[in-house]
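Hello,

Here is the structure I said I would pass on. My notes on what was found in it follow directly below.

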Amino acid sequence: MKNITNTKLAVSTSDWLKHLDNLLLFWDKKEAYATGKSDLFPTYHCNTGETFDINANPLPDEIVDALNSEDTKGLIELDKNFIRAHSRQTYAYGIAFHMTSKGKYLNLCKKGVDALLKAIDGNYGMCVTQTLSGKWDNARSDRTSQDLAYGLTGLGMYYFLTHDKTILHRIIQLKDYIFNAYLSDRRGYLMWLPKNNPKSEGEVQIVAQLDQLYAYMLMLTPCLPEPYKSVWKKDMKRIADILITHFYSEKYNMFWGTQNNMDRMQLGTDHTDFGHSVKTFWVILKVGQLLGEPFYVHFARPNIEKILKDAFIPRVTGSAIPGSWARRFDANNELDIDKEWWILAELDQAAEILSIHDPFFYDYLNETQKYWLEVMTDKKDGEIWHMVDGKTNEPVHRFPKIHNWKTSLHSFEHVLFSYMTAANFANENFHLYYALPEWETADQDNVAPYMFFANVVKVEKQKSDIQLELPDNNEVYKVTFNNLH
C-alpha cells in the first residue's frame, strides 16, 4: 500500500447521501411497501422495482431466467412471502430514517414491525413464510435458526431508533427462544434446525451462529437495559468462541461454511468465501470492542487485513474500471473474480472498520467504493445488481436484483457504514436521527451510531416533517457525532 500521506477521499459523505437516494429510488415506490391479504411487504419485484402478477404469462424476463437456471432456481418461490425479506426491508426503512430524519421512513419501519409482531408464533418463535392468501407456515420444526435471526433484524432496528419497550419484550422473548431451542449443550453450538428435530444432527452451518451476532445482537446490545445487556454479552462471547473453535481454518485464514462435513470443508464450497469469512472476522472484532476483550480484536484485525490483501483486484493500467474485490478462492485455489453484491459490501465494511485507526485502507476503498457506485449500482432504477461478471463488468441477469435472499439489508448497511467512515476519514461531523419516547433524552449514554461508538457533539430536538405513528409521543433528535471508533 502507498504511504498514508498520499491517500485522499475519493467518495465523500455527500456522495453517500446521494447513493442513499438511489437506493430509495427503488424502495420508495408505493408498490415496494403495499400489502395485500398478507401483511408482509412483497418479497419479489421486477428489476425496475415494480411488482408483478405471479400468474402473468409471460412472467418478467428476470424471473423466468432465474426459474430456468439451476444456480438461481431456489431464489424464487412465487407462492410465498418471506419473513427474512420483509424484516430486512423493515430494517432498510429504519436506516433511511436514521440518515435523513424523514418521518415517512420511520412510519414504514413501524408498519413492517407491526406485521412482524403478527408473525410471532406464541412460544415457538416466529413464522418464517406466509402464503399470498395470508396463511402462516406451521412447520415449527423446519424453521432455521438463521431465518429466526433475520426475523429479529427489523424489530431490532426499530427498537434501536425508538427504545419502544413494548417491542423490547418481544425481542427478548424471540432471542431466548432461539437460544433455548437451537443451542445444543451436547454439541456445543447452535443447530440449523431445532435441537429436538432428528434432522438437526446433520451438518452445522456457520450462519446459524454468525447471524445471531450480525442480524440483531451487535446492533441491540449497547442500548439494552440490564439485566439483558449482561446476559447478551455472555452469549455473544460464547458465539464468538464457537466461531473460532469450530469453523476457523488457520491454514487458509478462512472460516468454513459448515463444520463436521469433510466434503464441504473445502475451498469453493458454499459459504466458504471472502464474504462470510471477512464478515465473521469483523463481527468478532466488534464483539471484542463491545465486551472489552482484546483477544478478539487482536485475533480479527490482522486476519481481516490478510483477506483484504487476497481479495483485492487492482485496476488494470489505463482502464476506466476501478479496482474491485473477488468473491473467493475456488476449488483449485484460484480467484473467483465475479462480483456478488453482499460479498463486496462486507469487504468494503471490513476495510472501513480498519480505516478508523489505519486510514491507508482507503487505498483499497477509493477503488472498491467507486466500483460499487459505478458498476454494481443500477443508476436508472435504483438498488444494486446481485451479480456482475468479473470479466465484462456487466450484470448477470439470471440473478434477479431482488429475490427471497436479496432485498435491502446489505445495500443499506453498506451506505450507512460508508457515510460514517467517510466522515471520520475527512475529520467531519456527521448527523444521525433517532425518535425517542417523550420521557427520554438523547445523550452520550443512550444513543450511539449503528455498530460503532462515537463522541456526541450536539443534540438537537426537531419537529418531525410528518405525524409519526408511534406509541410514546416520540420526539425526533438530530445527533451530531465525530470521532467514530
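The lining of the second largest pocket has 18 nonpolar, five polar and six charged residues. In this count Ala, Val, Leu, Ile, Met, Phe, Trp, Tyr, Cys and Pro are nonpolar, Asp, Glu, Lys and Arg are charged, and the others, Gly among them, are polar. The model is predicted: local features need pLDDT of at least 70, side-chain atom pairs count only at pLDDT 80 or more, and totals for chains, interfaces and linings use all residues. Residues are numbered from 1 along each chain as its sequence is written, and side-chain values use heavy atoms, with hydrogens and water left out.

The second largest pocket holds about 490 Å³ of space. Its lining consists of 29 residues, and P222, C223, D445, N446 and A448 are the ones nearest its centre. At least two lining residues come from each of α6 (145-162), α8, α9 and α10 (274-291). The most come from α10, which gives three. Helices (H or I, at least four residues) and strands (E, at least two) are DSSP runs, numbered from the N terminus. A pocket, on a 1 Å grid over the protein atoms alone, is an open set of points with protein on both sides within 12 Å along at least five of seven lines; a cavity is a set of points where a 1.4 Å probe fits but cannot get out; lining residues have an atom within 4 Å of a point. Grid points are joined across faces, edges and corners, and a volume is the space filled by probe spheres set on the points.

How many cavities of 30 Å³ or more does the whole structure have? The search finds one. The largest cavity has about 30 Å³ of space, and its lining is K286, Q289, R301, I353, I356, H357, F452 and H485. By class, these are three nonpolar, three polar and two charged residues.

Next, a helix pair. α9 (residues 228-247) packs against α11 (residues 294-311) at an angle of about 35°, and the axes are 12 Å apart. Axes are lines fitted to C-alpha atoms, for helices over the stretch in contact, and angles run from 0 to 180 degrees between N-to-C directions. The crossing of α9 over α11 is left-handed, meaning that the near helix is turned anticlockwise from the far one by less than a right angle. On the α9 side the contact uses K237, A240, D241 and I244, and on the α11 side F295, Y296 and F299; contact means heavy atoms within 4.5 Å. Five of the residues in the α9 contact with α11 are nonpolar, none polar and two charged.

There is also an open sheet of three strands, in the order β15-β17-β16, with antiparallel pairing. β15 (430-436) and β16 (455-462) are the edge strands, each pairing on one side only. From one strand to the next the twist averages 25°. β15 and β17 (residues 475-482) run antiparallel and are joined by seven bridges; two strands pair if DSSP finds at least two bridges between them.

Some backbone points remain. The peptide bond from N57 to P58 is cis, with omega near 5°, and P58 sits in the loop between α2 (30-33) and α3 (61-67). E226 and P227 are also joined by a cis peptide bond, with omega about 5°; P227 is in the loop between α8 (206-220) and α9. N427, a residue other than glycine, has a positive phi near 60° and lies in the loop between α14 (409-425) and β15.

Regards
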